[in-house]
Each structure stands twice: as structure tokens, then as C-alpha cells.
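The following note sets out numbered comments on the model shown below. Each point takes up one part of the fold or one residue.

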Amino acid sequence: MNAEDTLKIITKQWCNLTDLMKLLGCGRNKALDVKKQIKDKLINEGYFIPGNDLPMQAVVDILKIDIDRLEKIIKLGI
């Protein structure tokens, strides 16, 4: 997956399992494990998580995705 694909995914409001699999570059089982860890962390911090999706901003923060770097890579055409 390239920088443009990553940026396209993280512009969504909510992160579903398919998005998480793409961002992590892993399969369903690993993504389910990471999703559970992120959801548990957010719930422990006092957040309410409706439904099965995760807030994308939390996913970006926890995975430490550098949006500025992605934008620079796209601008440079790398």
C-alpha cells in the first residue's frame, strides 16, 4: 500500500476491520487482536465506542501514523 492509499483510508471518520488490516498490513486475526487492544485502551480512558468501528483519529494516534510525512511523499511523487 502506498502513501496515497494510506492517506485515503485515514481520512475516514471511523476505522473498520478492513481498514485496520490494510493499515497494519496483516490478516484478519492479527487485526482483530489489535482492534481489541485499541478498543480496550479507549474504554479504559473513559471513551464510549459505539458499534464495531474505531475512531480513526485514535487509530492514527496509536499506530503513530505520520500524516505530514505521507503528504510530503505524495507531493514528491515517491
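1. Helix H1 (residues 3-10) and helix H5 (residues 67-76) have axes that come within 9 Å and cross at roughly 135 degrees. Helices here are DSSP runs of H or I with at least four residues, strands are E runs of at least two, and both are numbered from the N terminus. Axes are lines fitted to C-alpha atoms, for helices over the stretch in contact, with angles from 0 to 180 degrees between N-to-C directions. H1 and H5 are therefore oblique to each other; angles under 35 degrees count as roughly parallel, over 145 as roughly antiparallel, 65 to 115 as roughly perpendicular, and the rest as oblique. H1 passes H5 in a left-handed crossing, a term used if the near helix is turned anticlockwise from the far one by less than a right angle, clockwise being right-handed. On the H1 side, Ala3, Glu4, Thr6, Leu7 and Ile10 meet Ile67, Leu70, Glu71, Ile73 and Ile74 of H5, where contact means heavy atoms within 4.5 Å.

2. On provenance, this is a predicted model, in which local features need pLDDT of at least 70 and side-chain atom pairs count only at pLDDT 80 or more, while totals for chains, interfaces and linings use all residues. Residues are numbered from 1 along each chain as its sequence is written, and side-chain values use heavy atoms, with hydrogens and water left out.

3. The protein chain has five helices and two strands, which run α-β-α-α-β-α-α from the N terminus on. Its C-alpha atoms fill a box of roughly 40 × 25 × 15 Å along the principal axes. Of the 78 residues, 31% are buried, meaning under 20% relative accessible area, with exposed being over 50% and partly exposed in between (1.4 Å probe, protein chains only). Among contacts between residues at least 6 apart in sequence, 53% join residues at least 24 apart.

4. H1 also packs against H2: their axes come within 10 Å and cross at roughly 150 degrees. That makes H1 roughly antiparallel to H2. The crossing of H1 and H2 is left-handed. Thr6, Ile9 and Ile10 of H1 make the contact with Asp19, Lys22 and Leu23 of H2.

5. Threonine 6, in helix H1, is buried, with a relative accessible area of 12%. Leaving aside neighbours within four places in sequence, threonine 6 is in contact with Met1, Leu23, Ile65 and Leu70. Aspartate 19, in helix H2, counts as buried at 3% relative accessibility. Not counting residues up to four places away in sequence, aspartate 19 touches Ile9, Lys12, Trp14 and Met56.

6. Glycine 46, which follows H3, has a positive phi, near 100 degrees.

7. Which residues of H3 are buried? They are Ala31, Val34, Lys35, Ile38 and Leu42. These residues cover an arc of only 105 degrees around the axis, which puts them on the same side of H3; the arc is that of the directions from the helix axis to the C-beta atoms. An α-helix has 3.6 residues a turn, so residues three or four places apart point the same way. The face of H3 turned away from the buried side carries the exposed residues Asn29, Lys36 and Asn44. Cover for the buried residues of H3 includes helix H2 (17-24), strand E2 (54-55) and helix H4 (56-63).

8. Leucine 54, in strand E2, counts as buried at 1% relative accessibility. Its C-alpha atom is separated by 8.1 Å from that of isoleucine 38, 16 residues apart along the chain. Leaving aside neighbours within four places in sequence, the contacts of leucine 54 include Trp14, Lys35, Ile38 and Val59.

9. In H4, Met56, Ala58, Val59 and Val60 are buried. What covers the buried residues of H4 includes H1, strand E1 (14-15), H2, H3, E2 and H5.
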